[in-house]
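Here are my notes from going through this one.

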Amino acid sequence: MAEDQNKILDEVTGGEYKYGFHSDIDMETIPKGLSEDVVRIISAKKNEPEWMLEFRLKAYRHWQTMTTPDWAHLNIPEIDFQDIIFYAAPKKKPELESMDEVDPDLVATFEKLGIPLDEQKVLAGVAVDAVIDSVSVKTTYKETLAEKGIIFCSISEAIQEFPDLVKKYLGSVVPHGDNYFAALNAAVFSDGSFVYIPKGVRCPMELSTYFRINAINTGQFERTLIVADDDSYVSYLEGCTAPMRDENQLHAAIVEIVTMERAEVKYSTVQNWYPGDKDGKGGIFNFVTKRAICKGDYSKVMWTQVETGSAVTWKYPSCVLQGDHSVGEFYSVAVTNNHQQADTGTKMIHLGKNTRSLIVSKGVSAGKSQNSYRGLVKVAKKAENARNFSQCDSLLLGDQCGAHTFPYLEIVNNTAKVEHEATTSKIGEDQIFYCNQRGMSTEDAVGLIVNGYVKEVINQLPMEFAVEAQKLLQISLEGSVG
Amino acid sequence: MNIACRVVNLQEEYTKLFKDQKALLESGAPNKVNALRDKAMAIFEEKGIPSNKVEDYKYTNLQPYFKGSLNLSLSSEAAHANVTNHFHCEVPQLETYNVFLVNGWYSEQNEKIAFPDGVVVSSIRTAAKDHPEVFEKHYGEVAPMESDAMVAMNTAFAQDGAFIYVPKGVVLDKPIQIVNIMNGETDRLAFQRNLIVVEENSQVKVMLCDHTVSPNKFVINSVSEVYAAENSVFDVYNIQNQHNLTTQVAGMYVHQKKHSNILTNSLTLHSGITRNNVRVTMDDEHCESHVYGLYLSDKNQHVDNFTFIDHAKPNCESFELYKGVLDDSATGAFTGKVLVQKDAQKTNAYQSNNNLLLTESARVNSKPQLEIYADDVKCSHGATVGQLDDEAMFYLRARGISETESRILLMFAFAYEVIEKIRVEPLKEQIRGLVEKRFRGEFDKCDSCVVCGQAGNTVSCL
């Protein structure tokens, strides 16, 4: 019986990565390696103003003084930064009118991924910014959004067109010296999205960025900046995939969110970078710094993430709750299989009065993977009546994997109420038996139980994403029923 | 001989102290103790006194406390010089086998107690002579000096401590009470190294009572190693009652064999800077361990409980509960690491840490951790920080109970969860009483078993 189960588990968790194709797109790259010159080249290629170059150089110089962080529960082989191409962009063809603007190969790539770039055929009502390798290739629905005064464009464009806004907020949430990978990103970031929602505007559609690493040997360093002014609302989605390759590729991104008074930002990620093959060969190293600051009173930030890809995930979307009555929420599902390693969680830093935060983290480990939750809840001296509840559950499928929780609670105010709960368990034989008895196969039963287990988080995702996330979960777990 | 040392740069001076005084450190000490010194010193030299940059000591920077002018007694005579012991530490209704240690040295004034059935309680120096096979087999085997600089430091400097041996199949009728007294006219640094061996099918309960009786600054680094053999039952209650100038690093390292059942309870009732390291290794199947702690802190006290439960083998169970009440500017910290190793299937591990913050300047850091490498396990941990429940307060107030009384009632109910785990009835009553008094603010007029109350002593709670 147990063997049968293992077999089914293997089948269920052994699914193939279906986004592993590679498109032949004419790419423009710069030579491998990192130096001050490379930083200058990137800046020059993007025709950036002087202050931007200064920002990059400052970050680069700071990065040189830093060392790779080793505190995470991860086993990361040394990364040779001289063996990485820091800039790769699809070669631009002469610009055409309207919708033929985009290279058909690119459109085909995104179609394969199910991303609607072609506005006229789109009914989905999602504005998309597609980033391939390092460069934003197309932003849809720009005009519709512009009518409401919403700015949604690539960050390079924003640097040219809205330098004041970018200058004011870039690096204000994640400073250039924040951590090793943030410094690296600040020095070499190539593109990303910029969103500005003006006062009192409720963004009528979901904004979305789709990231794709395509070229070989490249690293992807994107930077997203979202500013929500007073009383505004936006929901933002992010998706990522990469081709299957034998060598590891580096992805070091930064997301900064600023919310003003009574503004609300919902940021959802479905991360499905290539996780490497069954033996742990290849895959993306995913080092991401995501941080939101609730600047204004009554503001709200909600992070939702479904992490199924990447060989190594190092990611802690955080909320700095500065405004009084501000709210931070974090919902996460992290699934690891085969040789994947994930060390992910959140930081909730309560600074303002009556701030609240909620953390729901669900880890699922299968195969030989290691899955860790690492989180910090900090209540500062002046954060009267702060409230936090954290729940971190781990589900183990198989006896070779590991599930770990490392919560940190630092409380300096006696009016705070902070609770943390964590459980670790496997799917009970009685649960499977119950389903079997009602005519379900063990495989379906496991699927059902896992889905029920992560439901709390999936429910927070926008509709289209929720469906995708559920499918992704099934693929990631294929072959690991235990 | 007393050595006065002035410590400014920690590593250098402690290393120098070690090198200069090596002959004295070694004189009269058992061979096995001396054999480990050099290796331990090498580890200590490399790691140094932990600051908060060391992850395991993140919330307690020990460095400042190990600096300054401190006296170290390198012989039993020196430790006992000018120290007269009028101290009594008694629990009403509880008879114990009572031995004293003064400034880390086994007191020669201890009466000869007739222990039943071959039970031995002595100084480790005597033990090494009388029971070399037991001593050599277990000394230095349980406490991990490679991973903890404070254990390494203790191993390098330790000269004396208590030794308890309970032979096969003996169930000791009364608890053994080890009273550790810090006394003297100068500020002191003391090391103490205890070894407790509980053989197959035997049972023993040990009380470690830590006291300070003179108003000097004391810095204590103690390590206790416990070896619990098959089917043994072992309880240890560490009752810490020291004044505010005390810095104590107390290590309790337990190694469990098949079907053994152990309980440790760290009761920090009064202290200066306290760091309790508890490490339990379940090295065979069907072990059960209970790891508890209660800390009541006020003024500028700091209590840091660091626990590490190692589920190395399948079918073991562990229960962990730490509760703290922090008043004034007190700070508390808790780290609970539970490791379930690869083949330790059918493990059950429960851990909980709850804290009450009573004032604006009290603070607490809690770090429960689970590291799990097996799938058929049930593990949970929980941590909370909060205040007294308003609704509960209202309930009591509505029934005509005064606000102060309601508060005391609720705080006491909170703390009692740990007290009720004590498996020695009279001791439970005693602690119950002490805790209640503590909450009532009557601590200054307490019984004989606390910091300031013993007859004829003028020491006040500093």
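1. Ground rules. This is a predicted model, in which local features need pLDDT of at least 70, side-chain atom pairs count only at pLDDT 80 or more, and totals for chains, interfaces and linings use all residues. Residues are numbered from 1 along each chain as its sequence is written, while chains are lettered from A and ligands numbered from 1 in the order in which they are written.

2. Chain A overall. I get 11 helices and 23 strands for chain A; helices (H or I, at least four residues) and strands (E, at least two) are DSSP runs, numbered from the N terminus. Of its 482 residues, 56% count as buried, where buried means 20 or more other C-beta atoms within 10 Å of a residue's own, exposed means 12 or fewer, partly exposed is in between, and C-beta atoms are placed from the backbone. Among the contacts in chain A with a separation of 6 or more, 83% join residues 24 or more positions apart; a contact has the two C-beta atoms, placed from the backbone, within 7 Å.

3. Helix H2 of chain A. H2(A) covers residues 36-45, and Val39(A), Ile42(A) and Ser43(A) are buried in it. Viewed down the axis, the buried residues of H2(A) fall within an arc of 95°, so they line one face of the helix; the arc is that of the directions from the helix axis to the C-beta atoms. Asp37(A) and Ala44(A) are exposed, on the face turned away from the buried side. H3 and H8 of chain A are included in what covers the buried residues. After H2(A) comes Asn47(A), with a positive phi near 55°.

4. H3 against H8 in chain A. H3(A) (residues 50-64) and H8(A) (residues 180-188) pack at about 145°, axes 7 Å apart. Axes here are lines fitted to C-alpha atoms, for helices over the stretch in contact, and angles run from 0 to 180 degrees between N-to-C directions. The crossing is left-handed, that is, the near helix is turned anticlockwise from the far one by less than a right angle (clockwise would be right-handed). On the H3(A) side the residues include Phe55(A) and Trp63(A), and on the H8(A) side Ala183(A) and Leu184(A).

5. A helix pair in chain B. H3(B) (residues 31-47) and H7(B) (residues 149-157) cross at roughly 140°, their axes coming within 8 Å. This crossing is left-handed. Leu36(B) and Phe44(B) are among the H3(B) residues involved, with Met153(B) one of those from H7(B).

6. Strand E11 of chain B. Eight of the nine residues of E11(B) (residues 233-241) are buried. E9(B) (residues 203-212) runs parallel to E11(B), joined by nine bridges, with Asp210(B) opposite Gln240(B). E13(B) (residues 261-270) also pairs with E11(B) in the parallel sense over nine bridges, and there Asp235(B) has Leu263(B) as its bridge partner. Pairing requires at least two DSSP bridges between the strands.

7. Between the chains. How many residues of chain B are in contact with chain A? There are 30, against 29 residues of chain A. Strands E20 (363-372) and E21 (377-386) of chain B each supply at least two residues to that side of chain B. E22(A) (residues 402-411) pairs antiparallel with E20(B) over six bridges, and Leu409(A) stands opposite Ser366(B).
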